[in-house]
Amino acid sequence: MIETGQLVLLISRKNKRYMQKFDPEGELHTNEGKILMSDVAEAGFGKYVHSHLGRPYLVLKPTLYDLIKSVKRQTQIMYPKEIGYLMLKLGIGPGSTVIESGTGSGGLTTALAWTVGDTGRVITYERREEFYNLARKNLERVGLSHRVEQINQDITEGFRHSGADALFLDVRTPWEYLDSIPDAVIPGAMCGFLLPTTNQVSELLHGLERGPFKSLEVLEILVRQWKPVAERLRPDDRMVAHTGFLVFARYMQPMERPKVEAPEPAEPEAPENGGDPAEE
């Protein structure tokens, strides 16, 4: 049963994809004909619906991967290959509060909002107004804007929020903002960073090593697809190789030195014979 307002993904035989919110009275116009949403509802997920020209379209419930790939973008978005590892590394799940800076087009923001659920919250900072507005439209289009608090502000001024379970920065000079992190997250929170070049990673590592951060990790994730043909199984001619470095660190409160009490002065030992030592 497809409910009103639910996202529906329609895929043609040529893998042309159309995603939109379901309206039982609506219709979708494609280059292969018109599709009535009432016919989509009758078919249901996992079945085929036909346009008025008889062209078949597969009706699917979109996955998080589909939502990320469908983001309308004016900036480079994070690839799903990085997002999956990032979610696990930062420990994000239902009910989590996450701070993000560098919203961009909202690809990662979409994934974060999907994962934290209605009991969690995503707080995302973006200094450029055009990206702020684009991300808002992308989130509204997929019905996740109610889980996200967007802030059109440069984090040079610090973070407005505190007590976050995790934090992620996709900004050009993240080492300049490390001093603001302790006031924004809980002790033990995982922090992540995305950078394109090795010299930026080195600069960030210098900053992390000087600060209250532990468990540093640097990595890149490469994905190579294979042609799914049983008789001619081999790798694709192209692969999604380096798209950025991921850096992770855990914020730890500085260790307090334990208070050491001064020892009490020792009492003089009594002589073995019980007499006065001066008389011996």
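Helices (H or I, at least four residues) and strands (E, at least two) are DSSP runs, numbered from the N terminus.

Good morning. The structure before you is a predicted model, in which local features need pLDDT of at least 70 and side-chain atom pairs count only at pLDDT 80 or more, while totals for chains, interfaces and linings use all residues. Residues are numbered from 1 along each chain as its sequence is written, and side-chain values use heavy atoms, with hydrogens and water left out.

I begin with helix α5. This helix holds 13 residues, 129–141, and at 1.5 Å a residue it should span 18 Å, a value that agrees with the 18 Å between its end C-alpha atoms. The expected span here is 1.5 Å times one less than the number of residues. Which residues of α5 are buried? They are Phe131, Leu134, Ala135, Asn138 and Leu139; buried means under 20% relative accessible area, exposed over 50%, and partly exposed in between, with a 1.4 Å probe and protein chains only. Viewed down the axis of α5, these buried residues fall within an arc of 135 degrees, so they line one face of the helix. That arc is taken from the directions from the helix axis to the C-beta atoms. The cover over the buried residues includes α4 (107–116) and β9 (148–151). On the face turned away from the buried side, α5 carries the exposed residues Glu129 and Lys137.

Glu140 pairs with Arg136, their closest N and O atoms being 3.8 Å apart. The two residues are four apart in helix α5 and are therefore separated by about one helical turn. Glu140 is partly exposed at 36% relative accessibility, and Arg136 is partly exposed at 27%.

In the whole structure a search finds nine salt bridges. One of them joins Asp66 to Arg17, with 3.1 Å between the closest N and O atoms. This pair links distant parts of the chain, Asp66 in helix α2 (residues 64–69) and Arg17 in strand β2, 49 residues apart. Asp66 is buried at 15% relative accessible area, whereas Arg17 is partly exposed at 43%. Glu217 and Lys89 also meet in a salt bridge, at 2.8 Å from N to O. Here strand β12 supplies Glu217 and helix α3 supplies Lys89, 128 residues apart.

I turn to the aromatic rings. Rings of Phe, Tyr and Trp (its six-membered ring) pair if their centres lie within 6.5 Å; planes under 30 degrees apart count as stacked, over 60 as edge-to-face and the rest as tilted. By this rule there are four aromatic pairs. Tyr85 and Phe248 form a tilted pair, 5.9 Å centre to centre with 55 degrees between the planes. Tyr85 lies in helix α3 (residues 80–90) and Phe248 in strand β15 (residues 245–251), 163 residues apart. Phe248 is buried at 0% relative accessibility. Tyr125 and Phe159 form an edge-to-face pair, 5.4 Å between centres and 80 degrees between planes.

Finally, the backbone. Most residues other than glycine have a negative phi. Asn15, in the loop between β1 (7–12) and β2 (17–21), has a positive phi of about 70 degrees although it is not a glycine. Ser215, in strand β12 (residues 213–219), likewise has a positive phi, near 55 degrees.

Technical notes
Contact = heavy atoms within 4.5 Å. Salt bridge = Lys/Arg side-chain N within 4 Å of Asp/Glu carboxyl O.
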